[in-house]
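Dear colleague,

Please find below the structure that I am handing over to you.

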Amino acid sequence: MIERAIGAPEMALVVAVPLLAACAILLVRRRTAVLGMVASLAIAALAGCLIWRIAQEGPQRMNLGGWSAPLGITLYADGLSGWMLGTTALIALFVSVYGSGYFHRNQPATQFGGTANFFWPLWMFLWAALNALILSADVFNIYVALELLGLSSVALVTLSQAAPAVSAAVRYLLVSLIGSLSYLMGTAFLYAGAGTLGFKELASILHPESFSFAALALMSTGLCMKSALFPLHFWLPPAHENAPAPVSAALSALVVKASFFVMLRLWFSVFDRVVTEEAAMVPGILGAAAVIAGSVQALSAQRLKQLVAYSTVAQVGYLFMVFPLGVLNPSSWTAVGGALYLVSAHACAKAAAFMVAGNVLRAYGHDRIEDLRGVVQQMPVSMFAFAVAGVSLIGLPPSGGFIAKWLLLTAALEGPEWGFAAVIVAGGLLATAYIFRVFSRSFRNVTDLGDFKKIPARMEWSALTLSLCSMLLGLTATHVLEFMQAGTPLIRVAMMEAGP
Amino acid sequence: MTFDNALPLLILLTSLAGGSIIFLIPEHRRGTRTALNMAAALTKLFLTAILVWGVQHDHVYETRLQFLPGIDLLLDADALSVLLVSLSSVLWLVTTVYAIAYLEHAPQSRSRFFGFFSLCVSSTIGIALAGNLVTFLLFYEMLTLSTYPLVVHRGTEESMRAGKIYLAYTMGGGSLFLFAVVWLSVVVGPLEFTEGGMLGRFAGQHASELRVIFFMLVAGLGVKAALVPLHGWLPRAMVAPAPVSALLHAVAVVKAGAFGIVRVIYDIYGVRLASELQLLQPLAVVASFTIIYGSLCAIRQDNLKKRLAYSTVSQVSYIALGASILGPLAAVGGVVHLVHQGLMKITLFFCAGNLAESLGIHEISRMAGVGRRLPATMAAFTLGALGMIGAPPMAGFISKWYIGLGALSAGAEWVIWVLVASTALNAAYFLPILHTIWFKEPAEDLSDKTGHARGRLEIHWMLLVPTVLTALLALLCGLLGDAPFSPLEWSRLIVDREFGQ
Amino acid sequence: MEPSDLYGSVGIALFALGIYGATALGQFMRQVLALNVAGTGVFMFLIAIAHRAGTPVPDPVPHAMVLTGIVVAVSATAFILVLIGRLRDLSGSSSAQDDRDD
């Protein structure tokens, strides 16, 4: 577990390459899809190399430009970041594949026609922001990454160019900015009280004092807004529903998880001595409410994308239950492992679900659930992908969603926190109801099949691959959980000081 | 991996792989599909025979895969697994033949049907071979997922409604089961099935938790096992085609639930602990209530399949009843009824299917004089019905006899009354049917209503042979109970190993 | 009271006012303005903590944070104003209302 002084070049490249690609594509403006795909493959390969390196050598640390903190930017990659980076790379790669099919230049100049040229640069910026956020080792760099993430996400939402999309984008941007500002104020408080911004340094300095409580509250509020935690979730369904399908996939799968990831790091290592069980109950209870509220609203959704968006609200709720479950438990890994597993499994399944919704919309011109007919006959691959993704979202074995549910439920029953355990189980039942609402339509007898437009094969196959990945996650749990713990990222600082 | 380690997995894979490939076969390629179906079924039967022989000779067959930290996916074959595996393999072969002919003229996709059909059997095999509660849970939920498409196969409004109710019940039960399994693993650690139970040493500090967990497990399993009041999905699921009803009611879903209850009592808690914690008495009461209630509901049904459904509700609880009476004799009766009820019930459903397919008859009131038109089918029906009533020499008699003896030796005389009442009720709803079939004048035109080619037989041979075959097997199980490898002998083996601990 | 304490407190107050305005006000334009007020509050606070009693030279780190923050605030404000303008064009001549429909 030696942290090398120079650090792996992949860490810097995995942020630099998408930034450069974005600028290049903006300038070149031709063959954008090809450039975008090449860049995506390169970034995914870099992420893979970094993960390999972490698995072999342990955590990696790098000071950009050789300048050390507090003025320089430090990048840090342990098992946890490696895993998030890998998940991001996998999903992003297939979103790129899907996007290259969705934003086809041969399409007539409809609302999507000229926008391919803007999709790729913005998408690269978003990916750069995600990677920067995952690898950051100080709180201010996270702020910068969060802002870049927010701006590029909002810009991507507006690609639909219709009034509902722009209206949703304005709301999204407002919420994002309020959240970032709150986070920034928290950072300012931290610096005022502790005099440093790096994670490692803060973890050893922070104690329960008024400024740390204030900082924690401000930063958490900002991050919860960005993750669409109930009741601050109102911006998410319109935004994800009205964005183009590849954008919705990326937003639901990756962007909302990024702020959750930051909050995880903050609560369990930086603010470790500051957090209390009572404080942890707040996100936990809101998360439980999110599970129920999101699922109920998904049940009454009229359109497929709307249903999938509300499902995201519900699944994010599960994630926030990790705070009370992890804080109560000294080793924290059952709950945290479960939450991280859910991040990845949900990312794969949700991206696949949005891709299928996009396929349906592109093929039939609408995605009203009541009027879905003949999907199985004409798009069997998509329907199968949706079924497999649904299994993971419900949390049935042997999917990744089941592993997550098992771990979270175990953590809840170790407490024992009966309320959270009941919500976890109830959430699965509600998810069954709304998934089968869509899925049962494929078994109905159909007489006329409606208008159907053929869609590029890669759009269907990227959905299928991602949904199968969520299944594959279910079968490799022991290896994944072992990898995540490289560098022992979340051993509570207080425990470490107490000694053996 | 040695052959011994791979065998459980291979048996599972024959239908899993077969099913996955069948999905991809184009609809019109009947020959390919039939060939694949039959090949997979026969391979499975062959491998099962090896398994039976091996377990008899105390071979250890175990497949272990890492799943969660500290918990493995475990497939292992003990005597009880082998009972259900062999039942599933034999009946899968038979039902496949039946279904191929039955669905000949139906418009819905046959590739889809046989694909899910194979997945359903794989799930049942998985449940039978599961070596710990987590593996059991995995295949239990997979069973729910693979049977849903079969229930809604016809795609009508009624089918979809039945499917929704089915899903609500089974997913609810599954959630309860999951909760209980996680809770149990938190309290005691990994949960591998061990003959004689493995919770004995935890009884001290955790008694009340273990009690609650037991009832949650049984409730979760009881949905599929159709214990009252969790049985509501079963009669409604009759809207599915006859091969589905036959499979669901003889082999897959109900048996999975009952099998699970036996496993929990014998191999998790152990009979002695269960009786110490006073868990068995309430279960026996619920089972008895189900037996009576199911039969009472059955009397009121005119639709043949619905009457058979309620009969299943009633009969499957014999298994739970036998398992919940402390004593080896009753246990033998309960365990062997897994097989006996399966054979008898599948015969009855095949007959119902034949009636519906060839004559368009669904109601008992219209079955007058059918015995002349479909003599072999109705003879099989008679054998099945007599077995349900418990008349010797049918197999049903043996199960009831053992349960009764066991109840006497355990001092639970009230169970005898339950058995007597149940026998009387069974007679009350089966004997009138027999009378109608054989002794009444046909009231309507009994000519062929469907296009099944039948040659000189009363009905297509692929619909006739399975029916007669299962009826004869039920008869043989009754006549040759003492033969080696009979279900009865096997049940005695299982119970010896369990009570011997 | 030290000047930096005064500036710091005013900064916090502006931040609180701005956030309140951004969440409670009904129209997009006003929310944008409130957001800028809040941002200014944060920057004031940061500048205040750069001047701590006892050090002759101000701390450069908060200055760097403020500069970054200003850049972000300006670009974000520009972006949101364009979006509001586009929304007004697309949805007709009525002013952009924030009709929250939870």
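In what follows, two residues are in contact when heavy atoms of theirs lie within 4.5 Å. Please bear in mind that this is a predicted model.

Contact between chains B and A

By that criterion, the contact draws on 32 residues of chain B and 31 residues of chain A. Together, chain B and chain A bury about 2,900 Å², with 80% of this area on carbon and sulfur atoms. On the chain B side, the residues that lose the most area to chain A are B:Phe67, B:Leu68 and B:Phe179, which together account for 20% of what that side buries. Four elements of chain B give two or more residues to the side that touches chain A: β1 (62-68), α4 (110-129), α5 (133-151) and α6 (157-188). Of these, α6(B) provides the largest share, 13 residues. Sorted by class, this side of chain B has 21 nonpolar, seven polar and four charged residues.

Contact between chains C and A

Which of the two pairs of chains in contact shares the most contacts? It is the pair of chains A and C. Here 38 residues come from chain C and 34 residues from chain A. The area that chain C and chain A bury between them is about 3,100 Å², 85% of it on carbon and sulfur atoms. Between chain C and chain A there are zero salt bridges and one residue pair in polar contact, both residues being at pLDDT 80 or more. The side of chain C that touches chain A takes two or more residues from each of α1 (3-24), α2 (28-50) and α3 (60-90) of chain C. The element that gives the most to this side is α3(C), with 14 residues. Its composition by class is 24 nonpolar, six polar and eight charged residues.

Chain B and chain C, by contrast, do not touch, and their nearest C-alpha atoms are 29 Å apart.

Cavities

The model has seven cavities of 30 Å³ or more. How much space lies in the largest cavity? The volume is about 150 Å³. This cavity is lined by 15 residues, of which A:Leu177, A:Leu181, C:Leu35, C:Ala73 and C:Ala76 are the closest to its centre. The elements that give two or more residues to this lining are α5 (139-157) and α6 (163-194) of chain A, along with α2 and α3 of chain C. With six residues, α3(C) gives the most to the lining of the largest cavity. By class, that lining has 10 nonpolar, four polar and one charged residues.

The second largest cavity holds about 100 Å³ of space. Among its 13 lining residues, those closest to the centre are A:Gly150, A:Tyr172, A:Ser176, A:Lys226 and A:Val255. At least two lining residues each are supplied by α5, α6, α8 (210-226) and α10 (245-270) of chain A, and α5(A) contributes the largest share, four residues. The lining of the second largest cavity has eight nonpolar, four polar and one charged residues.

With kind regards

Conventions: Residues are numbered from 1 along each chain as its sequence is written. Chains are lettered from A and ligands numbered from 1 in the order in which they are written. This is a predicted model: local features need pLDDT of at least 70, side-chain atom pairs count only at pLDDT 80 or more; totals for chains, interfaces and linings use all residues. Side-chain values use heavy atoms; hydrogens and water are left out. Buried area is the accessible area (1.4 Å probe) that two parts lose on being put together, summed over both. A salt bridge is a side-chain nitrogen of Lys or Arg within 4 Å of a carboxyl oxygen of Asp or Glu. A polar contact is a pair of N or O atoms within 3.5 Å; within protein, one must be able to donate a hydrogen and the other to accept it, and residues adjacent in sequence count only if both atoms are side-chain atoms. Ala, Val, Leu, Ile, Met, Phe, Trp, Tyr, Cys and Pro count as nonpolar, Asp, Glu, Lys and Arg as charged, and the others, Gly among them, as polar. On a 1 Å grid over the protein atoms alone, a cavity is a set of points where a 1.4 Å probe fits but cannot get out, and a pocket is an open set with protein on both sides within 12 Å along at least five of seven lines; lining residues have an atom within 4 Å of a point. Grid points are joined across faces, edges and corners, and a volume is the space filled by probe spheres set on the points.
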